[in-house]
Amino acid sequence: MKRSNIASWSRLGVKLFRSLLPWSGADSRTLESNQNDWKAASSPLLEMKEIHKHFAGVHALKGVKLEVHRGEVHALVGENGAGKSTLMHILAGVYPPDGGVVSFNGHRDIVIENERQAERIGIAIVYQERSLFSSLSVAENIYAARQPVNRWGVIDRSRLLAQAKRILDSLGLALDPKTPLHELSPARQQMIEIAKALSLNAKLLIFDEPTAALTESETSVLFGLIHQLKNQQVGIIYISHRLQEIFHVADRVSVLKDGELQGTFPVSETSPEALVARMVGRELLDGGRPQGPVPDCGPFVLEVFHLSDRYTDEGFRWGLKDISFQVGAGEILALAGLAGAGRTELALSIFGVRSRGAGEIRVHGKSRSIRSPKDAIAAGLGYLPEDRKEAGLFLEMSVANNIAAARLGDFGSWWINDQKVNALALDCIKRLRIATPSLRQPVQHLSGGNQQKVLLSRWLLLNPTVLIVDEPTQGIDVGAKVEVHTLLRQLARGGAAVIVISSELPEVLAIADRILVMREGRINGELKHEEATEEKIMRFASMTREGALCQ
């Protein structure tokens, strides 16, 4: 990817985000005027000096320092594996440091032994990977292990629900606090994670990729909340791979690379290109994005005819309704749309995870009965789920075994030939630049971007005829994002049909040969690469064909 392209995407992203925010205009100027409030503080809220951390022979943090002031939004950026999450886990009491000094809120050289102690002294973290309990209610998750009790030590449920409702209202969430968590979408669950952190009344809040699963409207609410917290002199550490967010919400930004601090800069004195250069330290290729009109694709590989759910509008408002489309060999087709438009439901229906009421699926012109993922794989289909940890990876298993999981039959009938598995996995690790200290490393200990590469390796080994990827770059850094785009383009060049579902409009415009825009379970518009713009996509996503706004 050329740096000029990165800059243009970032500027376009900033413009889009600001146009969506409720405090644009005069309120935006107020936000900018308050950005330097933290400078007035006489001493930093947080100081971390010479922080070191080792894992299984890997020097993950090498003398890192970080300083955050009251009322400051301090962004932390870097590639996956740069050490951002490790540094935050030390601050949150998850890991002990191997060296260094931490000072917080006037107390010097403190030792944060566990998460509960971090919460007691005023440090709260919103994790990138949710730390919630699906079997509990929204209120029980917000106040897990901290439920209000009456004088007999029994949980005061009325007070619990009332407190949770106040937190939900502050986030603009019209939710019943008694709702079981498992009934919520991933985006809503992420908002509950944020509500949980807010309930602690912390002096320092850490946001680790908070918008990765959020819709644009939810992101707007979050940014408004951050503005309020700044005014209350709360210190905020904001980790994000979306550079446009950094330039919108942060006062200063620190860059990590390979466990070392590359520098700290006021956001007004740096640029997306400068940050990328410090984060990556290498030239980013463009992933093979064709210039000008896209050549005609090959023969249709996947054809979907009149796919519908069992329910009508009266019974299931967001069900799939009479969907038909085709994807050709060598083509990357993007599915765009607002949250709830039915993109993931369509992918799951094609892959046999969801039952459907009607419709026909053809692969290479042959009608296929796909009622399960096993049927889909046999037909030559692959699917990378939106939630890689919940639905894609075997977290306790090694990197090598995760890569080989889809081809276990190739490694022995009665027992697994570990030598063959390791040789294949090592080749994938080299080709996809997967950062791991060992083939035997449990995949749960890898960064989000490297986990995504492991999952992508598994499907590339099967050489699928059709590969569906749902939010392929969610929560991964700019360097890994370009590498994933390059891999998808290479797969298409090899003759596969690739379907990409993405909520990031710059990503859709960057990678897609053709775009289908969904709205309320239907395909509401189609755009070729050369004619597509963010405005056209949003018009199809939010308006009926007759021009009425989506309600």
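# Cores, sheets and an aromatic cluster

I403 touches L424, A425, C428, I429, I434, V454, S457, R458 and L461, not counting residues up to four places away in sequence. The model is predicted.

Visitor: Which residues touch the most other members of the largest nonpolar core?

Guide: That core holds 67 residues. I403 has contacts that include L424, I434 and L461.

Visitor: Which strands are the edge strands of the four-stranded open sheet?

Guide: The order is 11-10-13-14, with antiparallel pairing. An edge strand pairs on one side only. Neighbouring strands are turned by 20 degrees against each other on average, direction ignored. The edges are strand 11 (323-328) and strand 14 (366-368).

Visitor: What is the bridge partner of F305 in strand 13?

Guide: Strand 10 (residues 300-308) and strand 13 (residues 358-363) pair in the antiparallel sense. Five bridges join them. The partner of F305 is E360.

Visitor: Which helix packs on this sheet, touching strand 10, strand 11 and strand 13?

Guide: The direction of this helix makes about 110 degrees with that of strand 10. The helix spans residues 343-350. It is helix 11.

Visitor: Stacked, tilted or edge-to-face: what is the pair of F351 and Y383?

Guide: A search of the whole structure finds four aromatic pairs. In the pair of F351 and Y383, the ring centres are 5.6 Å apart. The planes stand at 40 degrees, so the pair is tilted.

Visitor: How many residues apart in sequence are the parts that this pair of F351 and Y383 ties together?

Guide: F351 lies in the loop between helix 11 and strand 13. Y383 lies in strand 15 (residues 381-384). Both F351 and Y383 are buried. The parts are 32 residues apart.

Visitor: What is the angle between the planes of F351 and W459?

Guide: The two rings are 6.2 Å centre to centre. Edge-to-face needs planes over 60 degrees apart, and this pair is edge-to-face. The angle is 85 degrees.

Visitor: Where in the chain is W459, the partner of F351?

Guide: The pair links distant parts of the chain, 108 residues apart. F351 is buried, and so is W459. F351, Y383 and W459 form one aromatic cluster. W459 sits in helix 16 (residues 448-462).

Visitor: At what angle do helix 16 and helix 17 pack?

Guide: Their axes are 12 Å apart. The angle makes helix 16 roughly parallel to helix 17. The contact involves K453, L456 and L460 of helix 16, and residues of helix 17 including A480, V484 and L488. The angle is about 10 degrees.

Visitor: Why is one side of strand 15 and of strand 19 left without a neighbour in the sheet?

Guide: Six strands form an open sheet in the order 15-16-17-12-18-19, with mixed pairing. Strand 15 and strand 19 (522-528) stand at its edges. One side of each is left without a neighbour because each has a single partner strand.

Visitor: Which residue of strand 17 does V469 stand opposite?

Guide: Strand 16 (residues 466-470) and strand 17 run parallel, joined by five bridges. Strand 17 also pairs with strand 12, in the parallel sense over four bridges. There, A334 has V500 as its bridge partner. V469 likewise stands opposite V500.

Visitor: How many residues of strand 12 are buried?

Guide: Strand 12 spans residues 332-337. I332, A334 and A336 point one way, and L333, L335 and G337 the other way. All of these are buried.

Visitor: What is the bridge partner of L333 in strand 18?

Guide: Strand 12 and strand 18 (residues 514-519) pair in the parallel sense. Five bridges join them. The partner of L333 is R514.

Visitor: Which strands does helix 17 touch as it packs on the sheet?

Guide: Helix 16 packs on the sheet too, touching strand 15 and strand 16. The direction of helix 17 makes about 150 degrees with that of strand 17. Helix 17 touches strand 12, strand 16 and strand 17.

How values were computed: Residues are numbered from 1 along each chain as its sequence is written. This is a predicted model: local features need pLDDT of at least 70, side-chain atom pairs count only at pLDDT 80 or more; totals for chains, interfaces and linings use all residues. Side-chain values use heavy atoms; hydrogens and water are left out. A nonpolar core is a set of buried Ala, Val, Leu, Ile, Met, Phe, Trp, Tyr and Cys residues joined through side-chain atoms within 4.5 Å. Buried means under 20% relative accessible area, exposed over 50%, partly exposed in between (1.4 Å probe, protein chains only). Contact means heavy atoms within 4.5 Å. Two strands pair if DSSP finds at least two bridges between them. Helices (H or I, at least four residues) and strands (E, at least two) are DSSP runs, numbered from the N terminus. Axes are lines fitted to C-alpha atoms, for helices over the stretch in contact, and angles run from 0 to 180 degrees between N-to-C directions. Rings of Phe, Tyr and Trp (its six-membered ring) pair if their centres lie within 6.5 Å; planes under 30 degrees apart count as stacked, over 60 as edge-to-face and the rest as tilted. Angles under 35 degrees count as roughly parallel, over 145 as roughly antiparallel, 65 to 115 as roughly perpendicular and the rest as oblique.
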